[in-house]
Amino acid sequence: MSVVLRLERAALGFGARRLWEGLDLEVSSGELIAVLGANGSGKSSLLKVVLGQVPLWSGSATFLGTPVRRGDRRIGYVPQQRLAEDGVPLRGRDLVALGVDGHRWGVPIPSRARRQRVNQLLSSVGAEAYASTPLSSLSGGEQQRLRIAQALAADPRLLLCDEPLLSLDLPHQRLVSDLVDDARRRLDLGVLFVTHDINPILDKVDRVLYIANHRFRIGTPDEVMTTDVLSELFDAPVEVIRHNGRILVAGVPDQDPYHHPEAAVLR
Ligand SMILES: Nc1ncnc2c1ncn2[C@@H]1O[C@H](COP(=O)(O)OP(=O)(O)OP(=O)(O)O)[C@@H](O)[C@H]1O
């Protein structure tokens, strides 16, 4: 396994507000890391650092040995789910084609090869059946599959997923997390997967990065998702219960139950 992403002594904040600091993190090819933490702790911002959209306060972030930069096509990005609005005349096939074309303005890709590539990507996520349907008519899960196909279009080495399961029902959560898992195995991708609930991906996660109170812990789910570790991180009595193969977290301070369904279960 080779390291695709490396953060060293990384610190991030906005204005006077510090989010996290002292972050040392390596993501290897084929490794799936779940990024968990309190609302506003800086999970999405971490992805934006890796995308070169937000500068670190200090420390470094390197991708394949060079500093991260905006627009690197070797990093695939599945943004937070936004349902397509009515009236946007984009079909599923168009969304994936945008990923294939990227920023190669003025350099036409032969249309046959392009069409084949789009079809191959649509098939890899099982979206052929609704490839020609307007995005606004598709369900959240269907749209999310297409976003994954789009993110894989440029043969990335690293995939960043920002809450890809939010507002999906359980079968679609499973389907979308299976797709990401399948892609990382097939393509040997490193994956950073931001989520509020680890359960839908628990059996796929290699390591967890848990951010809270400007601090973080990194380790396997067994190492990080414990009463002791989370209580220390949150500086409050948090209880972690394992039940039927699920991890239930109770007592996380200042959590919005909509964002933290597993906390709500035990309230
Ligand atoms: N460009 C920006 N300028 C100023 N503040 C920002 C900017 N981007 C994010 N923030 C703030 O930084 C904090 C962390 O935001 P971020 O979206 O990274 O959190 P998060 O952990 O992903 O939260 P959530 O779980 O609610 O999605 C928030 O308080 C947010 O308002």
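Helix H2 (residues 92–101) packs against helix H3 (residues 111–124) at an angle of about 115°, and their axes lie 9 Å apart. Helices (H or I, at least four residues) and strands (E, at least two) are DSSP runs, numbered from the N terminus. Axes are lines fitted to C-alpha atoms, for helices over the stretch in contact, and angles run from 0 to 180 degrees between N-to-C directions. The crossing of H2 and H3 is right-handed; a crossing is right-handed if the near helix is turned clockwise from the far one by less than a right angle, and left-handed if anticlockwise.

The model is predicted: local features need pLDDT of at least 70, side-chain atom pairs count only at pLDDT 80 or more, and totals for chains, interfaces and linings use all residues. Residues are numbered from 1 along each chain as its sequence is written.

On the H2 side, Arg-93, Val-96, Ala-97 and Val-100 meet Arg-114, Arg-117, Val-118, Leu-121 and Leu-122 of H3. Contact here means that C-beta atoms, placed from the backbone, lie within 7 Å. By class, the contact of H2 with H3 has six nonpolar, no polar and three charged residues. In this classification Ala, Val, Leu, Ile, Met, Phe, Trp, Tyr, Cys and Pro are nonpolar, Asp, Glu, Lys and Arg are charged, and the others, Gly among them, are polar.

Val-100 belongs to helix H2. Leaving aside neighbours within four places in sequence, Val-100 is in contact with Arg-114, Arg-117, Val-118 and Ala-153. Its C-alpha atom is separated by 9.6 Å from that of Arg-115, 15 residues apart along the chain.

Val-4 lies in strand E1 (residues 3–14). Outside the four places on either side in sequence, Val-4 touches Val-27, Ser-28, Ser-29, Phe-63, Leu-64, Arg-157, Leu-158 and Gly-190. Val-4 and Ile-75 are 71 residues apart in sequence and 10 Å apart in space, C-alpha to C-alpha.

Burial is assigned by counting other C-beta atoms within 10 Å of a residue's own: 20 or more is buried, 12 or fewer exposed, and in between partly exposed, with C-beta atoms placed from the backbone.

| Residue | C-beta atoms within 10 Å | Class |
|---|---|---|
| Val-4 | 24 | buried |
| Val-100 | 19 | partly exposed |
| Asp-235 | 11 | exposed |
| Asn-244 | 5 | exposed |

Most residues other than glycine have a negative phi. Asp-235 has a positive phi, near 60°, and sits in the loop between helix H7 (227–234) and strand E11 (239–243). Asn-244 also has a positive phi, near 50°; its place is the loop between E11 and strand E12 (246–250).

The ligand is surrounded by Phe-14, Leu-19, Gly-37, Asn-39, Gly-40, Ser-41, Gly-42, Lys-43, Ser-44 and Ser-45, where a residue is near a molecule if its C-beta atom, placed from the backbone, lies within 6 Å of it. Helix H1 (residues 43–50) supplies the largest share of this shell, three residues. By class, the shell has two nonpolar, seven polar and one charged residues.

Across the chain there are eight helices and twelve strands, and buried residues make up 38% of the 267 residues. The largest nonpolar core has 72 residues, with Ala-149 and Phe-193 having the most contacts inside it. Such a core is a set of buried Ala, Val, Leu, Ile, Met, Phe, Trp, Tyr and Cys residues joined through C-beta atoms within 7 Å.

Key
Contact = placed C-beta atoms within 7 Å.
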